[in-house]
Amino acid sequence: MNIVFLISHNSMYGANQSLLCMIDGLKKYDIKPYVISPSEGPITEMSEQKGIPYRVLPFKRWMSRNRWKSPARLMANLMVLPILIKQIKDWQIDLVYTNDSEIPAGAFAAKLLALPHVWHIREFGYLDFGLSYDWGKPFFEKWIQRADVIIAVSEAVRHEVLANAANPVCVIYDPVMGAQALKRLQNINRSPDKNKPNVALTFAIVGRVQPPKGQEQAIRALHKVRLDGYNVRLLVAGEGENQFMNFLHELCESLGVRDAVSFLGHVAKPFEVYQSADVILMCSPHEAFGRVTVEAMAAARPVIGYAAGGTPELIKDDYNGLLYDGSVDDLSDSMKKLLNNPEKIVSMGLKGQDMVKSFTNENHAAEIYKIVQKVMRETGNKKDKQQKYVKSGITSFH
């Protein structure tokens, strides 16, 4: 079975990382993957390394912060569409798979080619990225509902984005790694050294550095904890725009925590950051799923997470991590709770690691494969019925 995966950007952030994990897990099945990206970048480099055929086609998103450019984006997509259709035909694609909600090209092509279409919704859109639908949410929902199956990365996404969907919506949490890689992590000793009180306990926040991700809140909470006499430090991993990065550096200076905060920039191997830290912070109020949360748990690190979005679906409060109410005060109190009970850091981390055994590439791929098989089977039955109706002289089928 040939499946083409359409992606909206060329980076290696959550959606594309999860896609490659999915493709790795699908290797054992009779599936040949193809990737179409809007531009060259890390994702196409990884596709080439993994031997995945890919094509770059400059289609545009239909979600943005500048809706006045909507007509130009639509025109660009319509111009690229014939090339996309030809490529799908040349690859002899059986199923079109759109990897996020930000692009319509897969839906347009699947409709014109009468191919089955799976749509994977991995983001809130406006809440997490400040993006609005070019032609309004009703138009977006109209096209979303034409997919044969919709997959949501969390119950929160199903409720927020897909509440009006009439066709099937499956909730499948993203994978983070293969079973063997997780097993290797389980063998790493990660107990904090409680016999060295002068050694700072390390918190980390990982992801794109931008206001919605909560790096400012993490720095302010660290400051409050240090004012209470605790020896702690913070690792900030990720890239961001210069203006916001400069703001965070100035904030550290004004609060007197510059020596306790390390800005690591882009990190190619985030597990090195998790393993350098004792506790991970998830300060985003609108995390659709929370790949960082699950990765941290895989590394046996407890997570203190904002009690909103998809995060409460992953963190069971006071069991495999802590949930806080979104305020700096409650975040700092949660940090101190673990500082005062270092044994909880170990026990929560191990419980989290045990929980994410179900988040492997293999388990995820098995669920996706079942969906793909079901779609192909139902689509085939529908085509058979259409052909029977046509042979009977009936030219319309609903």
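Arginine 208 sits over the face of tyrosine 13, at 4.5 Å from the ring centre, and lysine 316 is placed over the face of tyrosine 319, at 5.0 Å from the ring centre. A charge is counted as over a ring if NZ of Lys or CZ of Arg is within 6 Å of the ring centre and within 35 degrees of the ring normal. The model is predicted, so local features need pLDDT of at least 70 and side-chain atom pairs count only at pLDDT 80 or more, while totals for chains, interfaces and linings use all residues. Residues are numbered from 1 along each chain as its sequence is written, and side-chain values use heavy atoms, with hydrogens and water left out.

Turning to ring pairs, rings of Phe, Tyr and Trp (its six-membered ring) pair if their centres lie within 6.5 Å, with planes under 30 degrees apart counting as stacked, over 60 as edge-to-face and the rest as tilted. The count by this rule is 14 aromatic pairs. In one of them, tyrosine 29 and tyrosine 369 are stacked because their ring centres are 4.2 Å apart and their planes are at 20°. Tyrosine 369 is buried, with a relative accessible area of 13% (buried means under 20%, exposed over 50%, partly exposed in between, for a 1.4 Å probe and protein chains only).

Tryptophan 62 and tryptophan 119 also form a stacked pair, since their ring centres are 6.0 Å apart and their planes are at 10°. Tryptophan 62 is buried at 5% relative accessibility, and tryptophan 119 is buried at 0%. Ring pairs join Trp62, Trp119, Tyr133, Phe139 and Phe140 into a cluster.
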